[in-house]
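Please have the sequence and the structure side by side.

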Amino acid sequence: MNLSLDYVLLLLPSLMRGLKETLSIFCLTLVLSLPLGLVFALGSISKFWPFRFPCRVYVWLFRGTPLMLQLFFVYYGLGIVANRSGLLFLRLDRFPAVVITFALNYAAYFAEIYRAGIQSIDRGQYEAAKTLGFTRTRTMFRIIIPQAIRRIIPPVSNETITLVKDTALANVIAVSDMLKVAKDASNRDTTVTAYILAALIYLAITFVLTVVYQKLEQRFSRHEQEAV
Amino acid sequence: MSGRIVELENVDKRYGEVTALADVTLRVDRGEQVVIIGSSGSGKSTLLRCINHLEAVDRGKIAINGATLVETVDGRVKYRREGEIRKLIMQTAMVFQHFNLFGHLTCLDNIAIAPIEIKRENPAEVRERARELLKLVGLEQKAGAYPGQLSGGQKQRVAIARALAIRPSILLFDEPTSALDPEITGEVLKVIRDLAAQGYTMMLVTHEMGFAREVATRAVFMDNGRIIEEGPPGSVFGAPESGRLRLFLKAVIKT
């Protein structure tokens, strides 16, 4: 192990490039999957089966198969399909393949979290809203979801932290994320220093996220405090 | 303007094999306070919940302020379209056993949300009115509190203010004190009593027999989904005709 400052400083620029890739995958996946999950959640509790059925199948499919398989399928599988069929738009670059796969996969998990949160809200809330003239849509967005958010935050926080670490899966299709950079450096210099540095950076990210989610949870619990 | 606020004609309601309402015909006119009594499972709450379409009927006709909500033509139940149902049931307002206040909104916002967002009234005026309603139920100091910070009796009083805020033609009270500790039912009953004295049209499902007799202009006794007896409270409570009502009164007044 070489922990000399010189060596660490030598590794940092490439690790930072890897970190940038890791954070890009992480942020894009979240930005896409958080709202997409809501769409699938609302679909899967719809009373209209042509909405409900495909949404449930989607969730089942993406939660029921390995993320790595999905990644191979989207990157290599669709590439093969593209070559055979001539539908070249199906051939994706590594980075978009990763982001699309992760976003679709995490949307399925978020959908289940949202669904459980929404369905945990008491039926009386729907009834009160209905008697006051709320439409079903307005009831959902003004009454139910705002109250479900607090219950949704802890499991979403969990998933988000898992996502930080799952980004490392991107290097199975040779995306130069932080883990890939660390692995290359470690192989080249036969030392574990790069792995330790990468681990510290992952820990720093998850620590920041934990704090952010704690604050969010407090913010959305304001109305649950007991008598003042 | 017609004095008929709610009309039910030959209404049936079943839950699977269980008959909740059987051939119920009832009319409530403006200014009446109709109290519905009966043992648990007699169909009292179902009756209220069919009026504001929380439950769908299996047969019969219901009209609110003279407009038909549902009717039965050639044996087929025909409801109005969803948007029209919504407008009709907003002419009623319900106070629930379990309050059903919106937990993420302050008391003031609980009261103001429907007039502002559904009826599109002026927000400043609505909030002013909401404060007056809070004062009416004796909770003006709780405007900024969340429901989780209130006692059961306070919650129910806020719920009554919320119901009044949409200016309904009729208030539907569905066992408003059944979830409260006995020592705090009084504060809720007082609010209802005041509203009755001011002539608000209301239907009240309750197990508080003394209170029922006191506020009612008419009492309705239900058993097994049917209206068995109906009339001025003096005769329903004082001189019951049917054996079932006599048994019921004997049982509830003993306890």
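The report below goes from the overall layout to single helices and then to the chain contact.

## Ground rules

This is a predicted model, in which local features need pLDDT of at least 70, side-chain atom pairs count only at pLDDT 80 or more, and totals for chains, interfaces and linings use all residues. Residues are numbered from 1 along each chain as its sequence is written, while chains are lettered from A and ligands numbered from 1 in the order in which they are written.

## Overall layout

Chain A has eight helices and zero strands; here helices (H or I, at least four residues) and strands (E, at least two) are DSSP runs, numbered from the N terminus. The C-alpha trace of chain A spans about 70 × 60 × 20 Å along its principal axes.

Of the 228 residues in chain A, 29% are buried. A residue is called buried if 20 or more other C-beta atoms lie within 10 Å of its own, exposed if 12 or fewer, and partly exposed in between, with C-beta atoms placed from the backbone. Among contacts in chain A with a separation of 6 or more, 74% join residues 24 or more positions apart; two residues are in contact if their C-beta atoms, placed from the backbone, lie within 7 Å.

## Where α2 meets α4

Two packed helices are described by the angle between their axes and the distance between the axes. For helix α2 (residues 49-64) and helix α4 (residues 94-119) of chain A, the axes come within 9 Å and cross at roughly 115°. Axes are lines fitted to C-alpha atoms, for helices over the stretch in contact, and angles run from 0 to 180 degrees between N-to-C directions.

Which residues make the contact? From α2(A) come Y58(A), V59(A), F62(A) and R63(A), and from α4(A) come L104(A), N105(A), A108(A), Y109(A), A111(A) and E112(A). These divide into seven nonpolar, one polar and two charged residues. In this scheme Ala, Val, Leu, Ile, Met, Phe, Trp, Tyr, Cys and Pro count as nonpolar, Asp, Glu, Lys and Arg as charged, and the others, Gly among them, as polar.

Elsewhere in α4 of chain A sits P96(A). P96(A) counts as exposed because it has 12 C-beta neighbours inside 10 Å.

The expected span is 1.5 Å times one less than the number of residues. A kink of about 45° lies at I152(A), shortly before the proline P154(A); the bend at a residue is the angle between axes fitted to the seven residues ending there and the seven starting there. Buried residues of α6(A) include I143(A), Q147(A), I152(A) and V156(A), and the buried set packs against α1, α4, α5 and α8 of chain A.

Helix α3 (residues 67-85) of chain A reaches 25 Å, close to the 27 Å expected for its 19 residues, and has a kink of about 35° centred on F73(A). Its buried residues are L71(A), V74(A) and Y75(A), which pack against α4 of chain A. Just after α3(A), G86(A) takes a positive phi of about 80°.

## Meeting chain B

How many residues of chain A are in contact with chain B? There are 20, in contact with 20 residues of chain B. The elements giving two or more residues to this side of chain A are α5 and α6, and the largest share, six residues, comes from α5(A). By class, this side has seven nonpolar, eight polar and five charged residues.
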